[in-house]
Amino acid sequence: IKFAEQVKEMGTQYFKEGKYDLALKKYKLITDYLEEGDDFDGESDSDSEEVKEKKPMDKADEDRAKVLLLAGFSNQAICHLKLGDGNAALKACKDALQLDPNNIKCLFRKGQAAEMSQEWEEAINHYKAVLVVDNAEYGGGSY
């Protein structure tokens, strides 16, 4: 988990610097690492960070891994959007929404991805989903 957290921090720094392609690689490394488990081979296009051997996880670590996995996919989506790749953003959103179907950021980004592909009806439906979730979970005032 610590490895994934460190890689996320590097990705966030790259994103803040506008280095979306490098940030994307870090976020992809996180999801690959957390999804592949013991099969992770450590190969990536990333810099020279060391890949740590994974240890068995307790419930708290499993919960943290899910949060990191969700963040990894969500952050991949925003990077793809910044890089102009709506289809890849859509896939990353779908992966994130499998973990948390009511994730407002991913629902909104899914709308942006559809809009980028000029899928207007689909975009509208995704934006409506944001409003439904926002209203149901937050009383409609989270923005």
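**Helix packing around α3**

Helix α3 (residues 59-82) contains 24 residues and spans 35 Å from its first C-alpha to its last, close to the 34 Å expected at 1.5 Å a residue. The expected span is 1.5 Å times one less than the number of residues. Helices here are DSSP runs (H or I, at least four residues), numbered from the N terminus. Just after α3, glycine 84 adopts a positive phi of about 80°.

This is a predicted model, in which local features need pLDDT of at least 70 and side-chain atom pairs count only at pLDDT 80 or more, while totals for chains, interfaces and linings use all residues. Residues are numbered from 1 along each chain as its sequence is written, and side-chain values use heavy atoms, with hydrogens and water left out.

Two packed helices are described by the angle between their axes and the distance between the axes. The axes are lines fitted to C-alpha atoms, for helices over the stretch in contact, and the angles run from 0 to 180 degrees between N-to-C directions. For α3 and helix α5 (residues 104-116), the axes come within 10 Å and cross at roughly 25°. α3 is therefore roughly parallel to α5, a term for angles under 35 degrees, with over 145 counted as roughly antiparallel. The crossing of α3 and α5 is left-handed, meaning that the near helix is turned anticlockwise from the far one by less than a right angle. In contact (heavy atoms within 4.5 Å) are Ser74, Asn75, Ala77, Ile78 and Leu81 of α3 with Lys105, Cys106, Arg109, Gln112, Ala113 and Met116 of α5. These residues comprise six nonpolar, three polar and two charged. Ala, Val, Leu, Ile, Met, Phe, Trp, Tyr, Cys and Pro count as nonpolar, Asp, Glu, Lys and Arg as charged, and the others, Gly among them, as polar.

α3 also packs with helix α1: the axes of α1 and α3 come within 11 Å and cross at roughly 20°. This makes α1 roughly parallel to α3, and their crossing is left-handed. Ala4, Glu5, Lys8 and Phe15 of α1 touch Arg64, Leu68, Ala71, Asn75, Ile78, Cys79 and Lys82 of α3. By class, this contact has six nonpolar, one polar and four charged residues.

Helix α1 (residues 2-16) packs with helix α2 (residues 20-36) at an angle of about 160°, their axes 7 Å apart. The two are therefore roughly antiparallel, and α1 passes α2 in a left-handed crossing. Of the residues in this contact, 14 are nonpolar, two polar and two charged.

The structure also holds three aromatic pairs. Rings of Phe, Tyr and Trp (its six-membered ring) pair if their centres lie within 6.5 Å; planes under 30 degrees apart count as stacked, over 60 as edge-to-face and the rest as tilted. Phenylalanine 108 and tyrosine 127 form a tilted pair, 5.3 Å centre to centre with 50° between the planes. Phenylalanine 108 lies in α5 and tyrosine 127 in helix α6 (residues 120-138), 19 residues apart.

Methods:
Angles under 35 degrees count as roughly parallel, over 145 as roughly antiparallel, 65 to 115 as roughly perpendicular and the rest as oblique.
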